[in-house]
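Reader: I would like to learn how to read a few features of a protein model. Could you walk me through them?

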Amino acid sequence: MRPRVRRSSECARALWLLGLQPPVERDELARAWKARVARTHPDLHLSSEQRSEAATVLTRALNDARDTVAAWIDTGREWPQPAMGAVRPVPRPAAAEPAPQPATICSRTGLRAGDRVRVWPYDGDPVPVRGTEVGDGVVWVLLEGGKAEQSNRVRLAAYGCPVCGACEGPVDARLLTRPCGDCLRDLRRLEQRPAEAGRIRSAIEARSEAGRATARGLGSDWLESRAAERCRWARRLHVAGPDDLHAALLGAFTRAFEQWAA
Ligand SMILES: [Zn+2]
């Protein structure tokens with residue numbers, strides 16, 4: 001079977017996803033692929049069903065990118081520059097991000113011990129989570145102080161989403177950087193129904209606008225500038241073709257996922 005001819009835009013996206021600068025040698029490609037896949041490999045993430053699914057999607061994308069660059073090396077063609085088509089890579093905010101807290105993530109709620117949540121109607125102080133438990137088909141979130149709440153009545157507090165800029169206070173040293181639940185659901189939709197990439201982009205833009213308003217209310221310049229940056233990013237993608245849009249969304253999820261898995 002003759003290998004299919006790959007387009008230069010496809011190679012440019014693959015280089016971008018793997019973080020490679022051309023010209024690329026085989027061993028360099030192998031190293032870059034290995035380093036990225038080591039962080040997203042599904043086996044590493046069995047503690048969380050949601051995370052494991054995300055890892056599977058990303059591993060597949062990285063494998064695909066590797067095959068594309070390997071095929072390019074074989075052809076000896078002129079290298080394209082790493083790019084996302086119409087979309088230029090966006091520098092990340094310079095401010096240092098708070099370190100994530102290592103603990104097992106509950107596959108049902110996406111919460112882990114030490115996270116802080118607000119309980120419905122979400123106007124009280126954030127309470128630390130001790131763990132989760134299932135009883136009579138209901139997922140309970142165990143809270144510090146001995147109380148328990150149904151998982152659909154708690155909302156993660158003190159986090160900022162690196163994909164869409166959604167955020168929640170309070171802004172303090174324990175503020176987490178992690179993908180929000182909506183972005184995790186969007187990643188699964190993107191895998192199952194690639195044709196929905198446009199709708200996913202619009203939803204991210206809407207969340208980034210809401211995130212800006214929330215950050216302003218919290219008085220956090222850092223969260224606000226990240227939400228604003230995510231908003232500009234999502235708007236620029238409005239003009240991207242379907243392939244570029246798909247790759248750009250996947251790239252953003254990849255980075256967010258790496259930070260969360262750290
Ligand atoms: Zn998000």
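Author: Gladly! Let us begin with a definition: helices are DSSP runs of H or I with at least four residues, numbered from the N terminus. In this predicted model, D186 lies in helix α4.

Reader: How many helices and strands does the protein have?

Author: There are 7 helices and 8 strands in the protein.

Reader: Back to D186, then: is D186 buried or exposed?

Author: The cut-off to keep in mind is that buried means under 20% relative accessible area, and exposed means over 50%. D186 has a relative accessible area of 3%, so D186 is buried.

Reader: Which residues is D186 in contact with, apart from its neighbours within four places in sequence?

Author: With those neighbours set aside, D186 contacts I200, A203, I204, R207 and F253. Take I204 from that list: I204 and D186 are 18 residues apart in sequence, and their C-alpha atoms are 9.0 Å apart in space.

Reader: And what about Q192: buried or exposed?

Author: Q192 also belongs to helix α4, which covers residues 181-192. Its relative accessible area is 54%, so Q192 is exposed.

Reader: Now for helix packing. What describes two packed helices?

Author: Two packed helices are described by the angle between their axes and the distance between the axes. Here, helix α5 spans residues 197-218 and helix α6 spans residues 221-236; their axes come within 8 Å and cross at roughly 160 degrees. Angles over 145 degrees count as roughly antiparallel, so α5 is roughly antiparallel to α6. The crossing of the two helices is left-handed.

Reader: Which residues of α5 and α6 meet?

Author: On the α5 side they include I204, S208, G211, R212 and A215. On the α6 side, L223, A227, C231 and W233 are among them. Sorted by class, the contact of α5 with α6 has 9 nonpolar, 2 polar and 8 charged residues.

Reader: Let us finish with the whole protein. What share of the residues counts as buried?

Author: Of its 262 residues, 46% count as buried. The protein exposes about 13400 Å², and carbon and sulfur atoms supply 51% of that area.

Reader: What share of the contacts with a separation of 6 or more comes from residues 24 or more positions apart?

Author: Such residues account for 61% of those contacts in the protein.

Note on methods:
Residues numbered from 1 in each chain as written. Predicted model: local features only at pLDDT ≥ 70, side-chain atom pairs only at ≥ 80, totals over all residues. Heavy atoms only, no water. Buried < 20%, exposed > 50% of the residue type's maximum accessible area, 1.4 Å probe, protein only. Contact = heavy atoms within 4.5 Å. Areas by Shrake-Rupley, 256 points an atom, 1.4 Å probe, with all protein chains shown as cover. Axes fitted to C-alpha atoms, helices over the stretch in contact; angles between N-to-C directions. Parallel < 35°, antiparallel > 145°, perpendicular 65-115°, else oblique. Left-handed = near helix turned anticlockwise from the far one by under 90°. Nonpolar A, V, L, I, M, F, W, Y, C, P; charged D, E, K, R; others polar.
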